[in-house]
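Please read them alongside the sequence and the coordinates.

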Amino acid sequence: MRPFDYHRATDLDDASGHLNASTQIIAGGTNLLDLMKLQVMTPQQLVDINRIDGLDRIEPEGEGLRIGALVPNSDLAGDERIRRNYPVLSRALLAGASGQLRNKATTGGNLLQRTRCPYFYETAMPCNKRDPGTGCAARGGATRMNAVLGVSEHCIAAHPSDMAVGMRVLGAEVEIRRADGSHTRKTLDELYSLPGERPDIETTLSPDDIITAVILPAPVAPSVQSYRKVRDRASYAFALVSVAAVVQVEGGKITRADLAFGGIASRPWRDPAVEAMLVGETPSIDLFRAAGKRLVAAAETQPGNAFKLPMVRRTLAGVLAEATGLSEPTTGTDNVGEIA
Ligand code: SF4
């Protein structure tokens, strides 16, 4: 680890005054400290925001909730209001990391965690996200954990967060405090950048912006909410594929089908066209399989991650079947022969 300065911020003004392109905010530090030990990230100064008042609360905000940026993942997952009204978020949180990490990881830090593409962490390998312009070692390499949607020729890294997928399906907004003291809000779609030609630029935040909260809108009730994660181990593993769903059915028709996906894309993924083709329709396995095909129509696969296409289609069909009261498809016929 390279030497760095440390500043414990007393309030948001103090924190803002110390933030620039050479510094990093530290809260839980569950990802940042690993990256610093590996010299993947080498900030000249850490600005510790843990002692700033008011960032560790979950409070009503209109008909929704305001989740402070310092609320630990475990507290958020266990909050009675989250469990009752936003169960998809609670389940997504509990599907992530380990109990110890969830106790330490914060809401804001979870949103800004970096990809787990193995080449990003290996400084001897080329990586456009770590060292712009050096190339992408994942292409032609091991890509089991990499993305198939929202990728570019310069980077195929997947976003690692489960929590962000749960927030994305709920239409959460991120509250950001600017250096001038003003506040603004961004949807997660507005927060996260696609890799394009600059995969090192992952968000639309400025270096002196501070995420202060996440705002959840009013709960969707009644609804069936689900988070299903497919991974290599039963716990402490990142998603190969995950599906978050908020579904309403009235009079035998699907009236709402909010869907978000993890493990397959460069950011928590939503596809309005997939949701639109479900709304107004009678639930059926054929419909759900058609939605899955549409979801991956523009996917770009590598030899090591092509399995994600049938996997996400099957997972989506299973989630939608469960949410609409149908029997889950078993082997079916749509994917036969696609898994090597
Ligand atoms: Fe780096 Fe992205 Fe390529 Fe991984 S996929 S090696 S993070 S440029």
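1. Gly 292 is placed in helix H11, which covers residues 285–295. This is a predicted model. With a relative accessibility of 0%, Gly 292 counts as buried. Its C-alpha atom is 9.7 Å from that of Met 311, a residue 19 positions away along the chain.

2. On the division of the chain: domain 1 spans 5–51 and domain 2 spans 223–339. The centres of domain 1 and domain 2, taken over C-alpha atoms, are 37 Å apart.

3. In which order do the 5 strands of the open sheet lie? The order is S4-S5-S8-S6-S7, and the pairing is antiparallel. Strand S4 (58–61) and strand S7 (183–187) are at the edges; each has a single partner strand, so one side of each lacks a neighbour in the sheet. On average, and with direction ignored, neighbouring strands of this sheet are turned by 30° against each other.

4. The S4 and S5 end of the sheet comes next. These strands run antiparallel and are joined by 4 bridges, with Glu 59 having Arg 66 in S5 as its bridge partner. S4 and S5 form a hairpin with 2 residues between them. In the turn, Gly 62 has a positive phi of about 60°.

5. Is strand S5 mostly covered or mostly open? Strand S5, residues 64–68, is mostly covered, with 5 of its 5 residues buried. S5 is also joined to S8 by 4 bridges, again in the antiparallel sense. Within that pairing, Leu 65 has Leu 216 in S8 as its bridge partner.

6. Strand S8 (residues 210–216) pairs with strand S6 (residues 173–177) as well, antiparallel and over 5 bridges. Glu 175 is the residue that stands opposite Ala 213 in S8. In the sheet order, S8 therefore has S5 on one side and S6 on the other.

7. Salt bridges: 21 are found in a search of the whole structure. One of them joins the side chains of Asp 79 and Arg 81, at 2.9 Å from N to O. How covered are the two partners? Asp 79 counts as buried, at 13% relative accessibility, whereas Arg 81 is partly exposed, with a relative accessible area of 25%.

8. The side chains of Arg 114 and Glu 202 also meet in a salt bridge, with an N to O distance of 2.9 Å. Arg 114 lies in the loop between helix H7 (107–111) and helix H8 (163–169), and Glu 202 in the loop between helix H9 (188–191) and S8, so the pair ties together parts that are 88 residues apart in sequence. Arg 114 has 13% relative accessibility and counts as buried.

9. A further salt bridge is formed by Arg 130 and Asp 131, whose closest N and O atoms are 2.8 Å apart. Arg 130 counts as buried at 11% relative accessibility, while Asp 131, with a relative accessible area of 34%, is partly exposed. Elsewhere, salt bridges that share partners join Arg 256, Asp 258, Arg 270 and Glu 275 into one network.

10. Where is Tyr 86 found? Tyr 86 is in the loop between helix H4 (80–85) and helix H5 (87–94). Although placed in a loop, Tyr 86 counts as buried, because its relative accessibility is 2% and the cut-off for buried is under 20%. Tyr 86 and Ala 237 are 151 residues apart in sequence, and their C-alpha atoms are 23 Å apart in space.

11. Which residues make the nonpolar surface patch of about 360 Å²? The patch is made by Met 1, Phe 4, Tyr 6 and Leu 33. Of these, Tyr 6 is found in strand S1, residues 5–8. Tyr 6 has 43% relative accessibility and so counts as partly exposed.

Technical notes. Residues are numbered from 1 along each chain as its sequence is written. This is a predicted model: local features need pLDDT of at least 70, side-chain atom pairs count only at pLDDT 80 or more; totals for chains, interfaces and linings use all residues. Side-chain values use heavy atoms; hydrogens and water are left out. Two strands pair if DSSP finds at least two bridges between them. Axes are lines fitted to C-alpha atoms, for helices over the stretch in contact, and angles run from 0 to 180 degrees between N-to-C directions. Patches are made of residues with over 30% relative accessible area and no salt bridge: like charges are joined within 9 Å, nonpolar side chains (Val, Leu, Ile, Met, Phe, Trp, Tyr) within 5 Å. Accessible areas come from the Shrake-Rupley method with a 1.4 Å probe; for residues, only the protein chains shown count as cover. A salt bridge is a side-chain nitrogen of Lys or Arg within 4 Å of a carboxyl oxygen of Asp or Glu. Buried means under 20% relative accessible area, exposed over 50%, partly exposed in between (1.4 Å probe, protein chains only). Domain bounds come from an automatic or database domain assignment.
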